[in-house]
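Q: I have a structure open here and would like to talk through how some of its parts pack. Could you take me through it?

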Amino acid sequence: MEILYPMAISAVAVLVTLIYASFLDIRYRRVPFICWLPMLGIGVVCTSYLLWQTTADISLIIGYLAIVVCFLYADYLDSRGRTDSPGLTGYYKQSLIFYYLALVLILPALSWLVFTPLLNIQLVPWYVMYAGILTYITYTEYKGRPGEVDRGSKKPDSGIPEIINRWYFVLIIIIFSITSVIMLFSPDSWGSPALILLLLSVFCGIFYIFARMHLFGGADAWALIFLSFSVPVFPYTPLLGFPPLGFLSFTVLINALLLNLAAPIGIFIINIIRGNRAPLMYMFFGFPVKGDRIQDAWGFVMEDFEESKGIVSRKFIGFWDSVKRMYAMEGRVYTKDLREQPEEFQRELAMYKKAGTVWISYAVPFIIPITAGLITALVLGDILYAIMKIVAGGM
């Protein structure tokens, strides 16, 4: 069995990091961003070395680094600098931001326009667009975008400037994807290895945007993104063989989703056994807890409560209403907030006690299925693909 040793080394680093991150997420419901950086450092070095071993194309390697650096820079802008140290934000705006911008602009220029064997004129307008978008966003961040003074507000600002700041990365992902396709099919360019950069752009871009929309956990998104950057391909042939794409992160996600199905089924069975009653969908994704003990539980409240003339009425939050609240970052009650900021939820806590019981969603961190998905992917391969082959009579 042929082993890609750079990917094997990187896979070990990723697995160790995911196990540690799972522990942090279970215990503290938070994974510090710095937790991912050692894994990413090892993964970037290993992946760059593998690309050099297989292609010896410096343009391709710099293109890969450009994607990684751009994602880090986008997070840097979106979080306005990670403020683990007092005063970092102000300093980064005044002194560091344009140095980082220069690096983010230089790498694609080297990859697309300088080190390519033949200059492809199709890439020039895409680079100009890429540089223009990031320069504009950097300038607005440097000056301070609308609503900056109200950092305590969880509600996103409205207006054209804020919409641009919120959605610019969609355009950046599209640009990376298009340039990868151009380099995939252009003569004397990257050829088939460009498919790796295309998959990285699309897969990582989707989860980064989902996290920005609050439809996916930030730590879960970074786990999948940095896993993709660190181990883009299988280090060796798994027991069930290579899936069609051969893109490890996609297999990890599919396996994680399949393994995660066990939780809703288990919750449904437990609700049936205990006699808990709710609309069918909620029986799979939540369970009732005592209203006076809700602060001891983990999860999001799945019901809205109102009190009229001493009578408490309740209704379950609909699916689309829940999605809107996730995106707007308002109207959802997290039991962690009830525990850490009880003074801000006195009305809700009083209502929950009067209601007697409250349905909450289960809160198993998705990093745990991701970790299990990585282990099964490395050992077995793509479980869903294997099942489909069996059903189709291919095995």
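Q: How do the axes of helix α1 and helix α2 cross, and within what distance do they come?
A: This is a predicted model, in which local features need pLDDT of at least 70 and side-chain atom pairs count only at pLDDT 80 or more, while totals for chains, interfaces and linings use all residues. Residues are numbered from 1 along each chain as its sequence is written, and side-chain values use heavy atoms, with hydrogens and water left out. The axes of α1 (residues 5-28) and α2 (residues 37-55) come within 9 Å and cross at roughly 165°, which makes α1 roughly antiparallel to α2 (over 145 degrees).

Q: And which residues of α1 make the contact?
A: On the α1 side they are Pro6, Met7, Ile9, Ser10, Ala13, Val14 and Thr17, and their partners on α2 include Met39, Ile42 and Leu50, where contact means heavy atoms within 4.5 Å.

Q: Switching to aromatics, how many aromatic pairs does a search of the whole structure find?
A: The search finds 27, a pair being rings of Phe, Tyr or Trp (its six-membered ring) with centres within 6.5 Å. One of them joins phenylalanine 33 and phenylalanine 226, 6.0 Å centre to centre with 65° between the planes, and is therefore edge-to-face (over 60 degrees).

Q: Where do phenylalanine 33 and phenylalanine 226 lie?
A: Phenylalanine 33 is in the loop between α1 and α2 and phenylalanine 226 in helix α8 (residues 218-230), so the pair ties together parts 193 residues apart in sequence.

Q: Is phenylalanine 226 buried or exposed?
A: Phenylalanine 226 is buried, at 0% relative accessibility, buried meaning under 20% relative accessible area (1.4 Å probe, protein chains only). Phenylalanine 33 is also buried, at 15%.

Technical notes: Axes fitted to C-alpha atoms, helices over the stretch in contact; angles between N-to-C directions. Helix = DSSP H or I, 4+ residues; strand = E, 2+ residues; numbered from the N terminus. Parallel < 35°, antiparallel > 145°, perpendicular 65-115°, else oblique. Phe/Tyr/Trp six-rings, centres within 6.5 Å; stacked < 30°, edge-to-face > 60°. Buried < 20%, exposed > 50% of the residue type's maximum accessible area, 1.4 Å probe, protein only.
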